[in-house]
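Please open the structure in your viewer and keep the selection panel at hand. The tour moves from one selection to the next and says what is to be found at each stop.

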Amino acid sequence: MRTALITGITGQDGSHLADLLLDKGYRVAGIVRRSSVDQSERIGHLLNRIEIHQADLLDESSLVKVIDRVRPHELYNLGAMSFVPASWEQPVLTGEFTALGVTRILDAVRIIDPNIRFYQASSSEMFGRVRQVPQTETTPFYPRSPYGVAKAYAHWITVNYRESYDMHASCGILFNHEGPRRGREFVSRKITDAVARIKLGKQQKLELGNLDARRDWGYAGDYVRAMWLMLQQDTPGDYVIASGRQHTVRELCELAFGHVGLDWQQHVVTNTNLLRPAEVDSLLGDASLARETLGWVPEVSFEQLVSMMVDADLVRVRREIAQA
Ligand code: NAP
Ligand code: GDD
């Protein structure tokens, strides 16, 4: 039986990846940082099938101990401070988690067993003010937030450990991916949650920032499959994972409100306080390498993704109303 260890297992991607690996017959362990409240919202359905270990990306010795205890064949490093606006509020902490945290875990792997296959959650935010359209594995980085800068460091330290210590370490440069488990502060989920609440009479207006931003959005369940495929290859590498289609935030609103028969223009108001100090205006990925080498293709379209998220939020808000 193969064993996988996941940092960030309580997050959106960690929970989807745990689902996938359990289906494939893996023993799955997850790293969770200590909290005084329950963090199992996304993994509640898995708790009797996974192992949970306490450690923190800020503390290398805790990582060494967990890796030694679990002895994984594959380690997926998904833990990070992942909300871009928060990275301007806490730039140093973002660097500690999202940049130096990766050095700590790579070093822990090197010390315990450099044969462990390693996945790093790189991000299309590294492309920032894009130098090429569409973006590929060779497009230069120009990050536009402390988060993007931290991810660029994390990406290169992973490449460096691969080249310095001959480790099987791969980076997935993932474009935005969403789903019903997405955190409610990210724009897709903020919109679909509001659509459900407005439809059911619990909210009137939705405040948003930049409606012109363009993103290449896909479904998280499709994207975690690409992570697993990268670690099954004979040789490690870096891969762009993207849908190859781009939409504006405005189009996302139109589609989500339209799904329940509402006109988005009656409900969405813009608030300049939600604009970012430096914006990533447009992202569009070219996942040809992943398609050709990994055989990866996304299965859920943008339209299906938005419908799935609105429907899930309608079910949840109805349940909350019934329980109130
Ligand atoms: P998410 O839902 O925000 O989950 C982040 C996870 O990281 C949570 O489990 C969180 O734990 C954990 N974490 C944060 N700080 C930690 C620390 N100091 N030590 C240990 N764990 C820590 O993010 P996601 O959407 O699943 O994304 C997964 C990864 O992919 C992240 O690295 C993100 O930056 C990257 N990424 C995401 C996307 C996307 O569109 N979703 C695209 C490209 C790259 P708590 O529950 O304790 O907060
Ligand atoms: N969050 C948010 N809230 N974003 C808004 C809002 C709002 O009210 N209004 C407009 N936007 C715009 C943002 O300015 C941005 O251009 C776009 O919507 C997407 O924002 P997010 O959903 O917060 O995602 P992100 O693109 O900044 O970052 C996500 O994707 C990255 C990959 O490109 C995160 O998941 C990162 O962790 C990930 O690396």
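Begin with helix H2, whose buried residues are covered by elements that include strand S1 (3–7), strand S2 (27–32), strand S3 (50–54), strand S4 (74–77) and helix H4 (91–112), where contact means heavy atoms within 4.5 Å. Helices (H or I, at least four residues) and strands (E, at least two) are DSSP runs, numbered from the N terminus.

This is a predicted model, in which local features need pLDDT of at least 70 and side-chain atom pairs count only at pLDDT 80 or more, while totals for chains, interfaces and linings use all residues. Residues are numbered from 1 along each chain as its sequence is written, chains are lettered from A and ligands numbered from 1 in the order in which they are written, and side-chain values use heavy atoms, with hydrogens and water left out.

Within H2 (residues 60–70), now select Ser62, Leu63, Val66, Ile67 and Val70, which are buried, that is, under 20% relative accessible area (1.4 Å probe, protein chains only). They lie on the same side of H2 because they cover an arc of only 130 degrees around the axis, the arc being that of the directions from the helix axis to the C-beta atoms.

Next, select ligand 1 and the 24 residues around it, of which Thr10, Asp13, Arg33, Ser82 and Tyr147 come nearest; a residue belongs here if one of its heavy atoms lies within 4 Å. Oxygen atoms of ligand 1 lie 2.6 Å from a polar side-chain atom of Thr10 and 2.8 Å from one of Arg33, both pairs being polar contacts (N or O atoms within 3.5 Å). Helix H1 (12–23), strand S5 (117–123) and helix H5 (146–165) each give two or more residues to this shell, and S5 gives the most, with three.

Finally, select ligand 2, which is surrounded by 24 residues, the closest being Ser82, Ser123, Ser124, Tyr147 and Arg276. Which side chain places an N or O atom 2.8 Å from an oxygen atom of ligand 2? That side chain belongs to Lys190, whereas for Arg276 the corresponding distance to an oxygen atom of ligand 2 is 2.6 Å. The protein covers 95% of the 720 Å² of accessible area that ligand 2 has on its own, as computed by the Shrake-Rupley method with a 1.4 Å probe. Helix H6 (187–199) and strand S8 (206–208) each supply at least two residues of the shell around ligand 2.

Definitions and conventions. Polar contact = N/O pair within 3.5 Å; in protein donor to acceptor, adjacent residues only side chain to side chain. Buried < 20%, exposed > 50% of the residue type's maximum accessible area, 1.4 Å probe, protein only.
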